[in-house]
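Please read the following report alongside the sequence and the three-dimensional view. It begins with one residue and widens from there.

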Amino acid sequence: MKGSEMLPLDVNWALIVIACVFMVLDLVTGFCAAVKNHEVQSTKMKQGLWHKCGFLFAIVFGIVCEYAMSYVDLGFTMPIQIAVCTFIIIIEVMSILENLGKLSPELAGSAFLQIFKSDKIPAEDAGTPEK
């Protein structure tokens, strides 16, 4: 390879599409749950969209880092785009399950969703006193 030739980008499009589908499913289920429970708020929707924007930038960052590793010796190589997309998919799965519980009370109490239940206090509720 000549010094001026660039290597092709090795992008895992299937994994990126899957991560994006989970992001869209989260937006749709979240919006449906908000409509059902009369909790539609533009501020929350904007926050959610900014989170998705951050996820997309994280995917691009992973692709660029992997590409840079083919030119810069960091002492290791790592499939960053796979790690980033997997992380995003796990987060979105948890959020979708939470939204499904809000949409259907029968699901919220189901043994299946209880597997994913956390006793942690959500970040937005951490500073609020108990009622």
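The model is a predicted one, and in it Thr 86 is found in helix H3. A polar atom of the Thr 86 side chain lies 2.7 Å from the backbone oxygen of Ile 82. Thr 86 and Ile 16 are 70 residues apart along the chain, yet their C-alpha atoms are separated by 9.4 Å.

## Overall architecture

The chain contains five helices and zero strands, which gives the pattern α-α-α-α-α when read along the sequence. Of its 131 residues, 24% are buried. Among contacts between residues at least 6 apart in sequence, 71% join residues that are at least 24 apart.

## The nonpolar core

The largest nonpolar core has 14 residues, and those with the most contacts inside it are Ile 16, Ala 19, Ile 59, Cys 85 and Ile 88. Helices H1, H2 and H3 are the elements that each give two or more residues to this core, with H3 giving the most, namely five residues. In soluble globular proteins, nonpolar side chains tend to be buried together.

Ile 16, one of the core residues listed above, is in contact with Val 11, Ile 59, Ile 63, Gln 81 and Cys 85, once its neighbours within four places in sequence are left aside.

## Salt bridges

The structure holds three salt bridges. In one of them the side chains of Lys 52 and Asp 26 meet at 2.6 Å, N to O; Lys 52 lies in helix H2 and Asp 26 in helix H1, so this pair ties together parts that are 26 residues apart in sequence. Lys 52 counts as buried because its relative accessibility is 11%, and Asp 26 is likewise buried, at 9%.

Another bridge joins the side chains of Glu 92 and Lys 52 at 2.8 Å, N to O, and it links distant parts of the chain, with Glu 92 in helix H3 and Lys 52 in helix H2, 40 residues apart. Both Glu 92 and Lys 52 are buried. Apart from its neighbours within four places in sequence, Asp 26 is in contact with Lys 52, Glu 92, Ser 95, Ile 96 and Asn 99.

The remaining bridge, between the side chains of Lys 102 and Glu 98, spans 3.8 Å, N to O. Lys 102 and Glu 98 both lie in helix H3, four residues apart, or about one turn of the helix, and Lys 102 is partly exposed, with a relative accessible area of 39%. Through shared partners, salt bridges join Asp 26, Lys 52 and Glu 92 into one network.

## Surface and loops

The chain exposes about 9,700 Å², of which carbon and sulfur atoms supply 69%. A nonpolar patch on the surface is formed by Met 6, Leu 7, Tyr 71, Val 72, Leu 74, Phe 76 and Met 78, which together have about 680 Å² of accessible area. Val 72, one of these patch residues, is placed in the loop between helix H2 (42-69) and helix H3 (80-103) and counts as partly exposed at 45% relative accessibility.

His 38 lies in the loop between H1 and H2 and counts as exposed, at 74% relative accessibility. The phi of His 38 is near 55°, a positive value in a residue other than glycine. Most residues other than glycine have a negative phi.

Methods
Residues are numbered from 1 along each chain as its sequence is written. This is a predicted model: local features need pLDDT of at least 70, side-chain atom pairs count only at pLDDT 80 or more; totals for chains, interfaces and linings use all residues. Side-chain values use heavy atoms; hydrogens and water are left out. Contact means heavy atoms within 4.5 Å. Buried means under 20% relative accessible area, exposed over 50%, partly exposed in between (1.4 Å probe, protein chains only). Accessible areas come from the Shrake-Rupley method with a 1.4 Å probe; for residues, only the protein chains shown count as cover. Patches are made of residues with over 30% relative accessible area and no salt bridge: like charges are joined within 9 Å, nonpolar side chains (Val, Leu, Ile, Met, Phe, Trp, Tyr) within 5 Å. A salt bridge is a side-chain nitrogen of Lys or Arg within 4 Å of a carboxyl oxygen of Asp or Glu. A nonpolar core is a set of buried Ala, Val, Leu, Ile, Met, Phe, Trp, Tyr and Cys residues joined through side-chain atoms within 4.5 Å. A polar contact is a pair of N or O atoms within 3.5 Å; within protein, one must be able to donate a hydrogen and the other to accept it, and residues adjacent in sequence count only if both atoms are side-chain atoms.
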